[in-house]
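Let's take a friendly walk through a protein model, one part at a time. Have a look at the picture below before reading on.

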Amino acid sequence: MKTIYFDNNATTKVAEEVLKEMKPLFCELYGNPSSMHTFGGQIGRKIRKAREQVAGLLGCEPTEIIFTSGGTESDNTAINGTLTAYPNKRKIITSCVEHPAVLSVCRELGSHGYTVVELKVDKQGRLDITELEEQIDDDTALVTIMYANNETGVVFPIDKIAELVTNRGVVFHTDAVQAVGKIPLNLSKSNIDLLSLSGHKLHAPKGVGAMYVRKGTRLSPFMLGGHQEAGRRAGTENVPGIVGLGKACELAAKNIKEENEKVKHLRDKLENTILQQCPDSMLNGDKENRLPNTSNISFEFIEGEAILLMLDKYGICASSGSACTSGSLEPSHVLRAMGVPFTAAHGSIRFSLSRYNTEEEVDYTIEKMPPIINRLRELSPFVST
Ligand code: PLP
């Protein structure tokens, strides 16, 4: 059975072009970029090129890029590195819909005496900018707000937020793990100070990521040890991963516009048909300001996990908004924060597409969804017949 992969916000396929660039770095060009010999120097040049490719996609200077092990490390570094650099400030402002890579770090800091403000969102998952403005004070060290939400795809007005925050003299970080490679970004025209990205969300491998650190931004290193990354992140570089990330960014920069159109067309077809053909279904999140690849749909009175299992029988991979997969029966904190009723939050499914999806895959899924939903409704104790 063919796998139909609609779970690209969880991770993506490594692009063939990316793999090709990475391959020589394992058994041929395996030197340590910090070594003095010519062999090591060759590897150093590969990292330099990758840094330029990442900077090219983001519209910043290569010296403003630090390679990390992924989105989680970048987020942890941005938050902890800023607080260490501003030891007299004790307040962090974030949003209640962040990924755990941000939210759990902030909550941990909250238990160590920091004041942590989690900004609320409305029914469509939008932030209240006025609340943000009111919360910024002299004690605020950092505002960290995600660029795009991993569950709903909702995109926040980050350039506007960055301007507002930095005009008040506060450092602004954005977790752009879901945005980079999916929507165009131009950091040369933005006030963002710190930005996190992750390779495996844009067709590079897992275990590599990067941080943008705007020139002049105070940030203490999080990983201590050797002098790699100009002393900003210790540890021997994941050279194949970095080279792969560079290539993935180059491909994204080249193709982002046409890929967006293709992916959005497929996503809209999938979403519109499901919403039309499945009664008691609704879209979660701001329809207008959304990633082009993400659709989060709630089906009242049934379990998201049951839908996933039935889709899985047909080789269709999606994801559920509820956290049951991670051992908790609580529905997603994002959907709950948006006020999605419990019965609908439990029955939510996220489809996240990529450039590798096809019209045939969408047609196949559209055909399978209504009978699955009807069957589960027949079995649901919440639906009276
Ligand atoms: N931030 C967001 C918004 C994410 O979606 C993810 C991964 O799902 C991460 C951070 C963590 O990234 P990584 O898996 O590279 O550690």
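How many salt bridges are there between domain 1 and domain 2? The count is zero, where a salt bridge is a side-chain nitrogen of Lys or Arg within 4 Å of a carboxyl oxygen of Asp or Glu.

Before going further, note that this is a predicted model, in which local features need pLDDT of at least 70 and side-chain atom pairs count only at pLDDT 80 or more, while totals for chains, interfaces and linings use all residues. Residues are numbered from 1 along each chain as its sequence is written, and side-chain values use heavy atoms, leaving out hydrogens and water.

**The two domains**

Domain 1 covers 4-11 + 256-379, and domain 2 covers 16-252; these bounds come from an automatic or database domain assignment. Their centres, taken over C-alpha atoms, are 28 Å apart.

**Where they meet**

At the interface, 28 residues of domain 1 are in contact with 32 residues of domain 2 (contact means heavy atoms within 4.5 Å). Together the domains bury about 2400 Å², with 53% of it on carbon and sulfur atoms; buried area is the accessible area (1.4 Å probe) that two parts lose on being put together, summed over both. I256, L291 and M338 supply 25% of the area that domain 1 buries against domain 2, more than any other three residues.

Across this interface there are 16 residue pairs in polar contact, both residues at pLDDT 80 or more. A polar contact is a pair of N or O atoms within 3.5 Å; within protein, one must be able to donate a hydrogen and the other to accept it, and residues adjacent in sequence count only if both atoms are side-chain atoms. On the side of domain 1 that touches domain 2, α10 gives the largest share, four residues. Helices such as this one are DSSP runs (H or I, at least four residues), numbered from the N terminus.

**Around the ligand**

Of the 13 residues around the ligand, T72, D175, Q178, S198 and K201 come nearest (near means a heavy atom within 4 Å).

| Residue | Distance to a ligand oxygen atom |
|---|---|
| S198 | 2.6 Å |
| H200 | 2.9 Å |
| K201 | 2.5 Å |

**Salt bridges elsewhere**

The structure as a whole holds 20 salt bridges. One of them joins the side chains of K257 and E261 (3.7 Å, N to O). K257 and E261 both lie in helix α8, four residues apart, about one turn of the helix.

Note on methods: Helix = DSSP H or I, 4+ residues; strand = E, 2+ residues; numbered from the N terminus.
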